Each structure stands twice: as structure tokens, then as C-alpha cells.
Amino acid sequence: MSQIIVKIAPLDPTFDRGAFRCGNDFIDRYVKKRCLGDHALHKLRAYVATQPDTPTVIGFYTLSLTSLKPGETSPAEAQEKFKSWAIPLVYLGQIGVQEEYQRKHGIGSALMTHAFEQTLRIADIAGTYGMMLDADNDEVAAFYEGWGFFRFGAGEEEQIKMICPLTKIREALEVA
Amino acid sequence: MAARLAEKGPDALQTVSAEAFGRAIEELRKHTPPSEVMLKRIANGRKALQER
């Protein structure tokens, strides 16, 4: 792997997002058109990777907060059955790397590592059980199993819901 | 690693089946150490991150 160094920072208007292309049209459009507004509203937080001293975005991810609750179960029933009526989680909504940088420079790994570090900070400030994502398909889910996520069910749109426990994130960041 | 996740935005509250919720709780209560793959990926990620 040929290594390059990246800086990851919260999105702001000075970053150049105009040429971002990760291969997924939805995310490409989102990065160019909507993510700055959502970030400014604190609907989520968007982080971008750039090479030092350049404004061009070559990687991107978003974090927000979510809670899982069981369907058709009252909070009291859930507390009785599961000893918990909701699961607070950090949600990794989107992640992407500029096409020509994919799979050879460690930028995706840098983004995930940074996202895990942010999740630990959130856990220490506000509490969370871990990081959650929705994988589009089995291949994607298998990739994220390598990042420590477990599968626990299909979502409303048949995406594969996955969580990486906070304990595992903490231990991995300490040991690696 | 391009756009590997579902095309959806954040939801403050997500409802899953009671069965899926139970599985998630059960898994979260286990202690599963990070795999070698996860540790290697984090080490690679740190190499690419600028010193902070």
C-alpha cells in the first residue's frame, strides 16, 4: 500500500467538494449539494479528509446520534424483557473515498479510525453503546464485520443493521 | 472504500423488531475482543492520519 498522509477535519465552506466522486451517485450529490447545510444545522456532523495544505476533499463521512427501540413493545415491557428500553448509538450514515484514492492509500481506514475516536469521545461526554450502520448488502456487511461490527437484523428497507460495541472500539484503539 | 453504506440519512429513533433488539442487546453484553483484521486496519488508518 502506498501511504499518503491525510488530515481529517469537520466540514466547512473552505473545503473544495466540487470534484468529489466516490462511485455512488447519491453520496457524490450529497457531498456536493446538501452535506454542508446539514452539517451547519447540526443535523449530523460531516468530516472530510484532505491532503495537508490542500482544500480538495478526498474522503468523507458523517456521524449522528440515534437510538434503537423495539417495535410493538412498550418501554416498560422492554425494560422487563431486555433490561433496557432503548439502545443509544452513534450512527455512521455515509462514508466514501475519492475514486482514484480507493483501496491503496489507507484513507478509508483513516476515516473509520477517526470515526471510532470520535465515538469514544461522544461516549465519554454523552453515553453510547457503540457505532451503528446500515449496510446495503451482504458484501458490504462482510466488509464491516472486519471492522468489528455484528449483524443483528434487517432494517425497514431490508438493509443489514450492524453495531460495533463501544467496548470493542475502546479496546481496539488502545491495543492497535 | 466507496460509499459502502445504505443511502439514508440519520433518524433520531429507529424501530427494529423485538427479536432484533434482543439480539443486539445480547451481543452488546458479550465481551468480544477486536480481531487481528480490525487491529491491522486501525494501525493502517493511523499511519495515514496526519499527526495531531
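In this predicted model, A:P10 stands opposite A:Y47 of strand β2(A). That pair belongs to an antiparallel pairing in which four bridges join strand β1 (residues 7-10) of chain A to strand β2 (residues 45-50) of chain A. The model scores ipTM 0.91 and pTM 0.91.

**Confidence**

- Chain B has a mean pLDDT of 82, and 75% of its residues reach 70 or more.
- Within chain B, confidence is lowest in strand β1 (residues 13-16), where the mean is 86, and highest in helix α2 (residues 36-48), where it is 96.
- Where pLDDT is low, the predicted coordinates should not be read in detail.

**Make-up of chain B**

- Chain B contains two helices and one strand, arranged along the sequence in the pattern β-α-α.
- Of the 52 residues of chain B, 31% count as buried.

**Strand pairing**

- Strand β2(A), already joined to β1(A) by four bridges, also pairs with β3(A) in the antiparallel sense, over five bridges.
- In β1(B), the residue opposite A:P70 is B:V16.

**Contact between the chains**

- The contact between chains A and B takes 70 residues from chain A and 44 residues from chain B.
- On the side of chain A that touches chain B, strand β4 (residues 87-97) of chain A gives the most, with eight residues.
- The residues on that side of chain A divide into 34 nonpolar, 25 polar and 11 charged.

**Largest nonpolar core**

- The largest nonpolar core holds 59 residues; those touching the most other members are A:L89, A:I107, A:L111, A:M131, A:M162 and A:I163.
- Strand β4(A) supplies the largest share of this core, seven residues.
- β4(A) is also the element that gives the most to the side of chain A touching chain B.
- Beyond its neighbours within four places in sequence, A:M162 is in contact with A:M132, A:L133, A:A135, A:A141, A:Y144, A:F149, A:F150 and A:R151.

**Helix α5 of chain A**

- Helix α5 (residues 166-175) of chain A has the buried residues A:L166, A:K168, A:I169 and A:A172.
- Seen down the axis of α5(A), these buried residues fall within an arc of 160 degrees, so they line one face of the helix.
- An α-helix has 3.6 residues a turn, so residues three or four places apart point the same way.
- The exposed residues A:E174 and A:V175 lie on the face of α5(A) turned away from its buried side.
- The cover over the buried residues of α5(A) includes α3 (107-125), β5 (130-135) and β7 (160-165) of chain A, together with α2 of chain B.

**Loop residues of chain A with positive phi**

- A:H42 is found in the loop between α1 (25-40) and β2 of chain A, and has a positive phi of about 60 degrees although it is not a glycine.
- A:H42 is exposed because 8 other C-beta atoms lie within 10 Å, and a residue with 12 or fewer counts as exposed.
- A:E72, in the loop between β3 and α2 (75-82) of chain A, is a residue other than glycine with a positive phi, near 55 degrees.
- A:E72 is exposed, with 8 other C-beta atoms within 10 Å.

**Selected residues of chain B**

- B:T32 lies in the loop between α1 (18-29) and α2 of chain B.
- B:T32 is partly exposed, with 13 other C-beta atoms within 10 Å.
- B:T32 and B:A18 are 14 residues apart along the chain, and their C-alpha atoms are separated by 23 Å.
- B:E36 is placed in helix α2 of chain B and is exposed, with 9 other C-beta atoms within 10 Å.
- From B:E36 to B:G22 the distance is 28 Å, C-alpha to C-alpha, for residues 14 apart in sequence.

Technical notes
Residues numbered from 1 in each chain as written. Chains lettered and ligands numbered in written order. Predicted model: local features only at pLDDT ≥ 70, side-chain atom pairs only at ≥ 80, totals over all residues. pLDDT = per-residue confidence, 0-100. Contact = placed C-beta atoms within 7 Å. Nonpolar A, V, L, I, M, F, W, Y, C, P; charged D, E, K, R; others polar. Pairing = 2+ DSSP bridges. Buried ≥ 20, exposed ≤ 12 C-beta atoms within 10 Å, placed from the backbone. Arc of directions from axis to C-beta. Core = buried A, V, L, I, M, F, W, Y, C linked by C-beta atoms within 7 Å.
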